[in-house]
Each structure stands twice: as structure tokens, then as C-alpha cells.
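Good morning, and thank you for coming.

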Amino acid sequence: METLESELTCPICLELFEDPLLLPCAHSLCFNCAHRILVSHCSTSKPLESISAFQCPTCRYVITLNHRGLEGLKRNVTLQNIIDRFQKASLSGPNSPTESRRLQPQRPYTATISGTIAGTIGGGGGTSGGSARGSPATSSHSHSHANHTNHANHTNANHSPAVVAKMDPRISCQFCEQDPPREAVKTCVTCEVSYCDRCLRATHPNKKPFTSHRLVEPVPDTHIRGLTCLEHENEKVNMYCLVDDQLICALCKLVGRHREHQVSSLTERFDKLKQTLENNLTNLVKRNSELENQMAKLIQICQQVEVNTAMHEAKLVEECDELVEIIRQRKQVIAVKIKESKVMKLRKLAQQIANCRQCLERSSALITQAEQSLKENDHARFLQTARNVAERVAMATASSQVLIPDVNLNEAFDNFALDFSREKKILEGLDYLTAPNPPSIRDELCTASHDTITVHWTSEDEFSVTSYELQYTIYTGQTNFISLYNSADSWMIVPNIKQNHYTVHGLQSGTRYIFFVKAINQAGSRNSEPARLKTNSQPFKLDPKTAHKKLRLSNDCLTMEKDESSLKKSHTPERFSGTGSYGAAGNVFIDSGCHYWEVLLGASTWYAIGVAYKSAPKNEWSGKNSSSWVFSRCNNNFMVRHDGKEMLVEASLQLRRLGVLLDYDNNSLSFYDAMNSQHIHTFEISFLLPVVPTFMIWNKSVMILSGLPVPDFVDGVASDLQEQQQQQMGLCRQESPYLTGMKTCH
């Protein structure tokens, strides 16, 4: 209740809000308190009407007033309705809010919240409706309070008689013979009798066995005698039947229907039930506290909704007013242009009309002269006077062609045709700007190399997207993408991408990544579904400088073949040189990432393929030292070898493509039957130095395929067999990890 009242209390007067104002900062303030703040800023040189701003007393936000002053601020109607409901609910209970809180510290919201919520949900306008909804809750509260009090009295009768004695002080002595009996001062729980002071001294002297009697404050007889058995009269209940869940006496257990039932003592059952009730009561108190906090938050959210609505309404009016102002200004500009064109055209036409009028006057005078000349019948006189007139008529007739109007009456205003269809369509679509729809990553268009990935995506809202943001991280096998996305430290972000694709450089080889694409505009952003893309392995070839002199490499350095003819090759420290050590190494040293390559074995039945440190000896077989690990075939036997120890493994004699997976970061080297997608063996290695791929053959030839993406079956097999491999390696460590006495091929 205190939390609720604090939410409804003005920070200035510390009373419930009265006529609350809704400030732009989302806080509220009484109208009178706000007026007092303005009055406190007044002075002789600064009247009240001239104050245009003040600070919110809660957050110090500067509140700007318009010409209406405080009347220009909105009233917080929702908060006022809540306060009205709160006050009505508080007054409608049997006790005042203070007394209710004193009597019921565990139920602070039973009546108040019910009335408040019911009134608010019911519409906030009907007083009678709010009271009708609040009354049942109040009645229920009163009934619950009565039950709670009765239960407390019953409990106190057994455990706290002093409290009961204070509530009912008129308890008479049950041992007195006088009428009326004297008032009791003590009750003996052992004797189940209340005594006055005189009778107590007479019946309970200070010696045994009376010293063991329990004396308490006076308790009514009905409370001290306890309960009797329902089946056996005058027998007190002294045990509890767990099967029927009821109180029973000793006879019920001995000869009654409960003799076969499991029972417990009243003390044990009392302690258990009391503990359960206390726990439930604690949970209920905690739940009430949570509801109190939740309601306070809801009230705050209601206020925030009012503020946000007012802000958006004001923004809408402002934006629409700006649009109307722009239209008004453009209307004036276009109207001025039309008027200017009108004046210009009318000026030209007026000039032409004046010219026409002058020409018409001259023509009329000339016509009159010509008509007078035509009336002359004397040939000599006519020739003398009509010659000049005839020339002037001919000139006037020829000059009449220049009197065509400069302005075309039908096309005079074509350049002022108004077409606002495009603008009307835009205005009809006027609405809130929303965040763009999530883009979609096109897996089939994405490409990868050993250190780059090009991500392609599409978006349905291409024209509403301002930019894209690409996020990626290494995929660790975590299926919960939400938890993975929330771990922001591991994500790389590429912002402000304008196109629908992007190439990420500097990635680890043979590594799986998670990609998100975020479409962004002014309204917000939305993420695409996650896409898992992986880089290819590190490409490499056979290094001719390391090849044994009895090996022949192809021109592309991808195939090696046993050649018994001794070739003249210069000796270098990197070259395999031992007898029978017909090997070659790759031209790359690997110190990170996950890499996969395959070896086409062809018809070779005697080979060894694996990895080794640079310091591994070149004059002995790979796997014969602690710096190399290989998978080997010796005719029909398949084995893995390291540090001179060999172990047989299962593999098909039809093995033609050997897959090698080197996961340097996770310290493992695995071999697979690539054609049948089967796992053969995995070495668990704590790499200390960079390693190089190594290849040895004793017959035929092999071909390597490097720079390959890690196959999907490798990921599945690796996860399924990881635990099995660890158990197998643990078992081998306990016994003998390698088969002793096995015939070694030389």
C-alpha cells in the first residue's frame, strides 16, 4: 500500500494528486503546486504572466509553457481516475486504510487493489460501476479478515493465551463456591481449570507434583479443554491419521477403523503443517509484494502511454501542419506565377488591340477616301486623285498580315497544367514509417574460399532500407542462437552496407561461421534468419624440395609416383632421404584453423599419410618418431602409427579415397573413408608447433585434393564419435594402446 500511495503522491505537497497535470517529461504535478512554483519565481520586475518555463521537481526537466500558461498543459485524467478509485476503495472497507494495514499486514491489497483495478478496467467513468465492483472485494476482504481473526484466536488459545485473555478479560474462577465467583487470575493447563488468586494458593502449593503444572494467563474453558474424538465420546484426540487425514484418539487406533492406518503424533503433524503454512504464507506475501510492484509498474506504464500518445499526437499535428503550410506556400507561389503570366499576356494583347484599333481607324479613313474617289466619274480627275489613294489601299492591304495575335487562345496556359496525381498518391500513403522486413540470406548464392566468404541476401523492402549491417562469428556448435547472439563480444560487425552482398576477408580456413544480416531504416531494424557458412581448407601442393629422389612428381605437384630409377637430385635438409623413406611433404605449414584434404589412393597398397612437425626426421618412416602421426596401409593391414607405436584399425580393402581432417585449434587429426562417409580413426594431439601434411608410398602412386570444404558427414561423425573416441583412448591408456608383437612392415 505504501508503494502504491507513493506512486499517487505529489512530490511537492506530499498528498494524493489533486487535478494532476501531465508534464512532457512523463511526471505529474498538482495544478495548485505547479501554480505555487510559478508564483515563487514572480517578482516586481517579473510578473506571473511573463514566466514561460519551470523545472520539473522530480527530474529537473525544463517545462516550456505556451501563451496559455499552465492551462496549456494536459490533465492526467487516467491518474485522477486511479486516485478516485483508490480513495473510494479505501473508504468503503470496514476500517480505515491505516487500521486495515495495522490489522492485516499480510494482505495490503485485498480491497484497495480490487476496487482500483475494477474501476479502471470498467471504463473509469462510472462511479456506481466502480463501487459495485469494489463492494464484493471489500466484503470478501472483511470476511477473510474475520476468518483470519478467528483462526488467530483459535491458535492463540492453544499457544498464546495471554492475547486471548486481553480480548476477553471476564473469565471466572471455576473452583470458587461463592456466587458470583471471583475473577480468575491463572489457568492451569494441566488441570484444565481457571483459578482465582485464593483458590490457586489453596489448590497449587509450591511443592511437587504441582510445581510441574503449567500456569498461563486466564483462558476460556472452551479453548483450554481441547478437541474430543468424533467416534469415542469424552476421548481427546491425541494422534493424526495420515490415511484419512483426520484427528483420532487412541481407541481409534487400537480398536477402531484406523487400527491398520498409518498415524503420526499431533506434534509432528503440527510442525509439518505449520511449516507448510508458513512457507505458503511467505510465498503469498512475496507474491503480493510482486503484484504491488507490478501494479505500480502498470500505473507508470499507463502514464507513459498517455505521455507517448500525447507526444505522437503533437508530432502528427506538427508534421501535418508543416505539410499544409508547404502546400499553402506552393499554392501562393503557383498563383503568383499564373497572375504574372496573365499580366504579361494581357499586356501583349492590349498592345495588339491598340495597334489593331489604330490600323482600323486608318483603314476606315482610307476606305472613306477610296469610296469618295470611286464616286468621281471624270476620268482625268479620278486619275489625278485616285492614284495616291490606290497606293495607300494597296499598302494597307499588304500590311494586314502582321496583325495575327502573338498568343494562341487554345494553348495559352499549357505550361501551367496542374498534375498533382503523384503527390496525392504519396499523401494517401501517409503513415508511420515501419522497420523493414527481415532480409533473407541466399545460401545458394554465397561463395567461399579458404579465407573469404561472400554473403548474398535479398530484401522485400529494398527501397525502404537505408543500409544493411552484417554480423558474423565462429560457430561453436551452440544450437541456442539467442544465447549465441546475446554474447556480443564474439561478434564481428560490418556496418553501413549499401549493396545486397558483401565479402568478408581474413577468415580462418575450414571454419564454420554464423551470419546475420540486419536491414536498417529510420524506424528501426530487423535481423535475418541465421545462416551457417564455412570456409574451404587451406590449399596446398607437394613441395618438390622435400620429395625423395625415387619419387616423381607431376607438373602440377599434385601427384607422386614411385620411380625406382635413381634420379639426380640435389640433397637438402628438407628432402626425405632415408632408405625406404619414400616421402614428400606439402608446401604449407598449418598452425590454426580446421583443414580437410583427400588423397586418391588408386591401386597403391603400401602408403602412409598424415602430418608431422618440421623437425621430424626425414631419414625414417613417418610415425616412427614423436613428431609425426600417420594412417598407414601395409598390404591388407590398416594401422595408425605415432612415436614408433602401431595400432590396427578397421578399414575397407576397397578404400580408394582417404579423407584427412586436421582441426589444429581443437587438437585432433582424423581419417575418413571419404567414399563411404565412414570414420576410421582420430588422434588427440596437443600441438606444440606448426605441422605439415606428409605423404609416403612404396608402390604405385597417389594424388592429393586440397582446399576442400569440410564435408557435412565429417561434422556429424566427429560429434557422434568424439565421446566414443575419448572413451576408447582412455581404455587404451589403461591397457596397452598399441598392439605389441604385431608384425611390422619394412
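Let us begin with the largest nonpolar core, which has 47 residues. By nonpolar core I mean a set of buried Ala, Val, Leu, Ile, Met, Phe, Trp, Tyr and Cys residues joined through side-chain atoms within 4.5 Å. Buried means under 20% relative accessible area, exposed over 50%, and partly exposed in between, with a 1.4 Å probe and protein chains only. The members of this core that touch the most other members are Met 560, Trp 597, Phe 631, Leu 658, Leu 669 and Phe 695. A second, separate core has 26 residues, including Phe 31, Ile 37, Leu 38 and Leu 79. In soluble globular proteins, nonpolar side chains tend to be buried together.

A word on the source: this is a predicted model, in which local features need pLDDT of at least 70, side-chain atom pairs count only at pLDDT 80 or more, and totals for chains, interfaces and linings use all residues. Residues are numbered from 1 along each chain as its sequence is written, and side-chain values use heavy atoms, with hydrogens and water left out.

Which residues does Trp 597 contact, leaving aside its neighbours within four places in sequence? Contact here means heavy atoms within 4.5 Å. Among them are Phe 540, Ile 590, Val 611, Leu 658, Pro 693 and Phe 695. Ser 627 lies in the loop between strand E25 (606-613) and strand E26 (628-634), and Ser 627 is buried, at 14% relative accessible area.

Now the chain as a whole. It holds 15 helices and 33 strands; these are DSSP runs numbered from the N terminus, helices being H or I of at least four residues and strands E of at least two. Of its 746 residues, 35% count as buried. Among contacts with a separation of 6 or more, 61% come from residues 24 or more positions apart.

I turn next to the cysteines. How many disulfides are there? The count is 0, a disulfide being a pair of cysteine sulfur atoms within 2.5 Å. For Cys 13, the nearest cysteine sulfur is that of Cys 33, at 3.7 Å. Cys 13 is partly exposed, at 28%, whereas Cys 199 is buried, at 8%.

The backbone also deserves attention. Most residues other than glycine have a negative phi, and most peptide bonds are trans. Against that background, a cis peptide bond joins Asp 179 and Pro 180, with omega about 0°. Pro 180 is in the loop between helix H7 (161-167) and strand E6 (186-188). Glu 192 has a positive phi, near 60°, and sits in the loop between E6 and strand E7 (193-195). Asp 245 has a positive phi of about 55°, in the loop between strand E9 (239-241) and strand E10 (246-248). Which of the two is buried, and which is partly exposed? Glu 192 is buried, at 14%; Asp 245 is partly exposed, at 47%.

Finally, the surface: the accessible surface of the chain comes to about 45,300 Å², of which 53% belongs to carbon and sulfur atoms, by the Shrake-Rupley method with a 1.4 Å probe, where for residues only the protein chains shown count as cover.
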